[in-house]
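Hello,

Here is the structure I promised to pass on.

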Amino acid sequence: MRAVALIDGEHAPDVVRDALAELPYEWVGAILVGGSEKLRPGAGYGVALVDGFGDAELVVDLSDEPVLGPEARFRWASRALAAGLPYLGADFRFDPPRFEEIDVPSIAVIGAGKRVGKTAVAGHLARLYARDRDVVVVAMGRGGPPEPDVVERPPSLDELLALSRAGRHAASDHLELAAITGVPTIGARRAGGGLAGQVFSSNVLDAARLAAERRPDVIVIDSSGSAIPPIATDRRVLVVGPSHDLGAFLNTYRRLVSDLVVSVGCEEPGAIPARLVLRPLGALEGRVAVFTAGPAEVRHLEAEIVHVSASLGDRLRLAAELERLDADTYLVEIKGAAIDLVAEDALARGRRVVLAANDVVAPALDEALLELVPDAVAR
């Protein structure tokens, strides 16, 4: 196997040279990543010093601290994985995520983690493209259906309640996206997620193939947390929030494989800044309680707000809030325990439920997203 080595000047040249000779690889070269303590003029390593990976099939890290500490190693690992190469060290190995081809133009929205506004951006993208294109959305989630679930129109509250009472996760991302976009949406599930975003188990490929059978102009794929859909999409948009560091661990890899970065509620170099604005999908009447999965601004809502909860992802806290709540209308995002706890509580007490969407406000975003339309469907 052809390999390129990462070496440093903290190791004596003869130590590196002998190690390279012992390892069972065909060396295309070595990259000197830093350090000068043991460098000597004219000392050779038995292989050529190079600047990049070339035609290597593997990156082998023969360096160590202090030249390459954990942060620097994750950056090198990210570069290797983004080039489609495994990254191997003395006691670790990272393999690039595997992506399957589909024969329809596609774009994925991925995240640096959970609760970064990724689904809101995916919904915004789907609505934008659907103005003059045929769009199908595929959404994967940790509460997705056992078989790909096609939702042709926005589900009603009664339909969501029926799903919940049948044991389904009625706030799954594909149901939220169907409700807020009006675009045909196919739900899928995934379990587990690696540091680079590879999923352990999923039916996302089945969902993507089902979407491709409809021959849309473009498929928009919404990811889950920091996991990346196992589909070789034409484009990727990376969404980051204030609680996630784009330079940490393998987030550098996510940035390298993305065509655009959107920072929601924060500033990131090279990213388009955006904010989310909660939008009721119905009229707000009387005293209103607001339920979201994270911090949300409510001052723009034309209603008497008596309670604001960010606990849709914390069932115990949410249940305690509901016990002491007195409101006429519940405004709720379709996330977490929105249906099986909040909506059921409202119905049991004779209160109204209004579903909410998150609008993405970013003046420069639409132009950037339109530039990402795969060439095969550009109009």
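Let me start with helix 4 (residues 157-165), whose buried residues are Leu157, Leu160, Leu161 and Ser164; buried means under 20% relative accessible area with a 1.4 Å probe, protein chains only. Viewed down the axis of helix 4, these residues fall within an arc of 100°, so they line one face of the helix. The arc is taken from the directions from the helix axis to the C-beta atoms. That buried set packs against helix 5, helix 9 and strand 18 (352-361), where contact means heavy atoms within 4.5 Å. After helix 4 comes Gly167, with a positive phi near 95°.

A word on the source: this is a predicted model, in which local features need pLDDT of at least 70, side-chain atom pairs count only at pLDDT 80 or more, and totals for chains, interfaces and linings use all residues. Residues are numbered from 1 along each chain as its sequence is written, and side-chain values use heavy atoms, with hydrogens and water left out.

Now to helix 8 (residues 315-323) and helix 9 (residues 338-348), which pack at an angle of about 10° with axes 11 Å apart. That makes helix 8 roughly parallel to helix 9 (angles under 35 degrees count as such). Arg315, Leu318 and Leu322 in helix 8 meet Asp340, Leu341, Val342 and Asp345 in helix 9.

Finally, the axes of helix 3 (residues 118-129) and helix 5 (residues 173-181) come within 10 Å and cross at roughly 45°.

Best wishes

Notes: Axes are lines fitted to C-alpha atoms, for helices over the stretch in contact, and angles run from 0 to 180 degrees between N-to-C directions. Helices (H or I, at least four residues) and strands (E, at least two) are DSSP runs, numbered from the N terminus. Angles under 35 degrees count as roughly parallel, over 145 as roughly antiparallel, 65 to 115 as roughly perpendicular and the rest as oblique. Buried means under 20% relative accessible area, exposed over 50%, partly exposed in between (1.4 Å probe, protein chains only).
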